[in-house]
Amino acid sequence: MSEGRAARWGRAKLSKLGVVIATGAVVVGMLPATAVAADVDPRIGLGAGWLDAQEAGAGLQLLAHRDKPEGFFQPTNVGNLSYANSDMAFSGDHAFVGNFHGFNIYDISTPANPTLTTSVVCPGGQGDVSVHGNLLFMAVEETRGRLDCGTQGASGTVNPDRFRGVRVFDVSDVRNPVQVAAVQTCRGSHTLSLVTGKNDPDNLYVYVSGTSSIRSGSELAGCVNGAATDPNTAQWRIDVIKVPLAAPQNAAIVSNPRLFADRETGAINGLQNTPPAPRHPSGSTWSPQPVTTHCHDITAYPAIGLAAAACAGNGLLLDISDPANPVRLDEVTDPNFAYWHSATLNNDGTKIVFTDEWGGGTGARCRTTDEPSWGANAIFDIVDGKMQFRSYYKLPVAQVNQENCVAHNGSLVPVPGRDIMVQAWYQGGISAFDFTDSANPKEIAFFDRGPVNATSLTIGGVWSSYYYNGHIYGSEMARGFDVLALTPSEHLDKAEVDAAALVRYDGFNAQTQPKVTWAPSFEVVRAYYAQALRTGTMQQDTADNVRKFVDRAEKFKDGPQKKAAVAQLRAVSNQLDAADSAQAALIKALRDLADALS
């Protein structure tokens, strides 16, 4: 292995994050001698343990952890996937944490002290959840799933009690969720995405990504496991469920879009049907195989009418202006990708981060022998409706053989003027990175624990890491539920943290991205000021004047000198260089605030 790659993985200096162990990194527990040197990333050498592993962080502070409740783990096998935590959703003051065994609801009105409100036992995997108003949608794909949420399973090839598809719960009373609908699908629901239509406020649409085996037509009429020449095959499609919001019990499948069709011939298997090479670039077998017969995850951005779909062998850009009938606009592939897993658009809708879940989430894929382009993110710009590759981003420190680690679920951190994403990497922990320059992404914060098991790979780690109303929440597969906060560093100013915290959602599903706007405020002005300072292009006297005038304007804003506050903001905006992009953004923020105060 080259020294260059070793530097990227194993010897990343903390000065690049603006911290050193002595001054900024949070390290819990005594570290081994190999990890105490100031030029070694504190994630290296963390001690193992299920609920007592050592922890390290920089730019991210763990505020609270809650172990999984009784009944949602197997004490003799803590890595049992049948009890693993999965995806999360948020509504008001509650976090909904999916689990292969059901879901748990936490009260997060005091984020540093989350409390368990309700546990719902409803096995069937993988238990991904999304919430819209008082409705919770849960993905179910395993053959053990039952209509009645029973724990006894559903034996046999054909079983009338079996359920595979999307459950709908009424959670208006979070202490007593009630299942109001159960929409059966041929392949079950591995993941799901909620889509709203600008011209259809009475209905909600659910994009169902089924990745598992196709059930017998004797169990569910219309299910066909046929070749691409069979127009009825359940392969090479997604399912779209229409949910009447006034009558969710009437939810039903309304379309089965063939998103992979060849544009010229109409063949439904028109995208990648074989791996790009006999073996993965690592020399190992493809795991999973990048063959586009289904989508794994679709992230919708209804406000701009687009969605990004990660579909096994391809990344897709979709037009969702008609939610029931999405249309493929563009597709990309990558010879390094083993499995296109999920996607995140930036707030402007001009970039997409696709993840590669090489190894399916259960393998060690962040070792020193694994290239940074394997099991990583691929970042694309959207240019004239087409996706153009810019770079890869991978967790910049190696993990050990006992840790399942690969790119997984994350969301945007709403810092104005920047594209920042916080992302889960299973036992690689959480990494926050800046991709404003899509060709040069860089890590700006992290949090990590040691392996669940010191001697063997026991499945665990952070499944999802999402930003919601000022905090970051983590769904830890084997350990439970985490609440974290961003802390200032040389790469993230306190003003930027404060400006992000101004963004408040009524609810949040990572697979249904909201359009973020920032109302004019002193926090937003100071965030843009910090970014302009960081570029080093602003003269010192100008920088001093901006700070002085903004501070003075804030003192004047609520009193008889309000007009003076407005004048201060406009006057100092004229001292900046509009030809410099960072200063131009600051000029606009200053003038927007002046207008808002007028």
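Which residues in α2 meet α3, and which residues in α3 do they meet? This tour of a predicted model, in which local features need pLDDT of at least 70, side-chain atom pairs count only at pLDDT 80 or more, and totals for chains, interfaces and linings use all residues, begins there. Residues are numbered from 1 along each chain as its sequence is written, and side-chain values use heavy atoms, with hydrogens and water left out.

**First stop: α2 and α3.** Ala495, Glu496, Asp498 and Ala499 of α2 meet Glu523, Val524, Arg526, Ala527, Gln531 and Arg534 of α3, contact being heavy atoms within 4.5 Å.

**Second stop: α5.** Select residues 562–573, the twelve residues of helix α5. At 1.5 Å times one less than the number of residues, α5 should span 16 Å, and its end C-alpha atoms lie 17 Å apart, which agrees. Next, highlight Ala565, Val566, Gln568, Leu569, Val572 and Ser573, which are buried (under 20% relative accessible area, with exposed over 50% and partly exposed in between; 1.4 Å probe, protein chains only). Their cover includes α3 (522–535), α4 (540–556) and α6 (581–597).

**Third stop: the sheet.** Now select the four strands (DSSP runs of E, at least two residues) that form an open, antiparallel sheet in the order β20-β21-β22-β23; two strands pair if DSSP finds at least two bridges between them. β20 (340–345) and β23 (386–393) stand at the edges with a single partner strand each, so one side of each has no neighbour in the sheet. Finally, select β21 (residues 351–356), which pairs with β20 over four bridges; Ala343 stands opposite Phe354 in β21.
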